[in-house]
Amino acid sequence: MYDVFVEQIVEQRQDLKTALIKMLIVLAAILVSAVFLVVDILRLFFPFVFAASIYGAVILVRSRNFEFEYSFTNGDLDIDRIIGRRSRKRELSVSVRSFEIMAPMSEEFRREYESQSIGKTVDVASSPKSESRWFAKYRDDSGTVILLIFEPNERVVEAIRKYIPRKVKDGKS
C-alpha cells in the first residue's frame with residue numbers, strides 16, 4: 001500500500017467581536033502614547049513609549065489571526081492552530097479509524113451532531129456560519145464523546161474515505 005498525505009490550510013474568518021478587539025488594542029496604544037505626549041514630565045519618555053505601544057499593538061493584533069492546518073497522513077488526522085502565522089499549537093491528533101461517523105453538517109445529520117451524549121466539541125472551522133463544515137464524532141482514550149467540527153476540502157474527504165468508507169456519509173457512499 002502507498003503512503004497518503006494530504007494537507008489543507010483553513011483561515012479563520014474575522015467576526016465583529018474580533019474586529020472590535022483589534023480596534024480597541026490600537027486605540028489603547030494611541031491613548032497610552034497620547035498620555036505620555038501630553039504630560040510634561042512624561043514627554044521625555046514619549047519616543048520609547050510610542051515605539052513600545054505600537055510594537056505591542058502589532059503583536060497583539062497579529063495574535064488574533066488564526067489559521068488551522070489539517071494534515072492527514074496514513075489514517076491519522078492532525079489539526080494545528082497557527083497563530084499570527086508565527087507559532088503553532090496542536091489542537092488534536094486522532095486516528096480516523098476511531099470515527100463513529102463523519103458527515104457534512106446538514107439537516108440530514110443534525111441528530112448526530114446535536115446529540116446529548118457529546119462531552120466535548122472541538123471547532124476548527126473558518127466560521128460557525130460556513131456552509132462547507134463537516135463533523136466527525138469519536139471517543140477519546142478516556143471514553144468521552146468528542147465532536148470535531150472542521151472544513152475539509154474534497155481531497156481531505158476523499159483521503160479519509162479511503163480509510164473509513166462506511167463511516168463517511170455524504171450521499172456518495
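Predicted model: local features only at pLDDT ≥ 70, side-chain atom pairs only at ≥ 80, totals over all residues.
Visitor: Why is Ile41 called exposed?

Guide: Exposed means over 50% relative accessible area. Ile41 has 72% relative accessibility, so Ile41 counts as exposed. Its place is in the loop between helix 1 (16-38) and helix 2 (46-62).

Visitor: What makes Ile41 part of a nonpolar patch on the surface?

Guide: Patch residues need over 30% relative accessible area, and nonpolar side chains are joined within 5 Å. Ile41, at 72%, is over that cut-off. Ile41 forms the patch with Leu31, Val35, Leu37, Val38 and Val39. Together they have about 570 Å² of accessible area.

Visitor: And Tyr55, is that residue buried or exposed?

Guide: Tyr55 lies in helix 2. The cut-off for exposed is over 50%. Tyr55 has 58% relative accessibility, so Tyr55 counts as exposed.

Visitor: How do you know that Arg81 sits over the ring of Phe66?

Guide: For Arg, CZ must be within 6 Å of the ring centre and within 35 degrees of the ring normal. Arg81 is at 4.8 Å from the ring centre and lies over the face of Phe66.

Visitor: Which residues have the most contacts inside the largest nonpolar core?

Guide: They are Leu77, Phe99, Met102, Leu148 and Phe150, in a core of 28 residues. Helix 4 supplies the largest share of this core, five residues.

Visitor: What makes a set of residues a nonpolar core?

Guide: The residues must be buried, and joined through side-chain atoms within 4.5 Å. Buried means under 20% relative accessible area.

Technical notes. Residues numbered from 1 in each chain as written. Heavy atoms only, no water. Patch = residues over 30% accessible without salt bridge, like charges linked within 9 Å, V, L, I, M, F, W, Y side chains within 5 Å. Areas by Shrake-Rupley, 256 points an atom, 1.4 Å probe, with all protein chains shown as cover. Salt bridge = Lys/Arg side-chain N within 4 Å of Asp/Glu carboxyl O. Helix = DSSP H or I, 4+ residues; strand = E, 2+ residues; numbered from the N terminus. Buried < 20%, exposed > 50% of the residue type's maximum accessible area, 1.4 Å probe, protein only.
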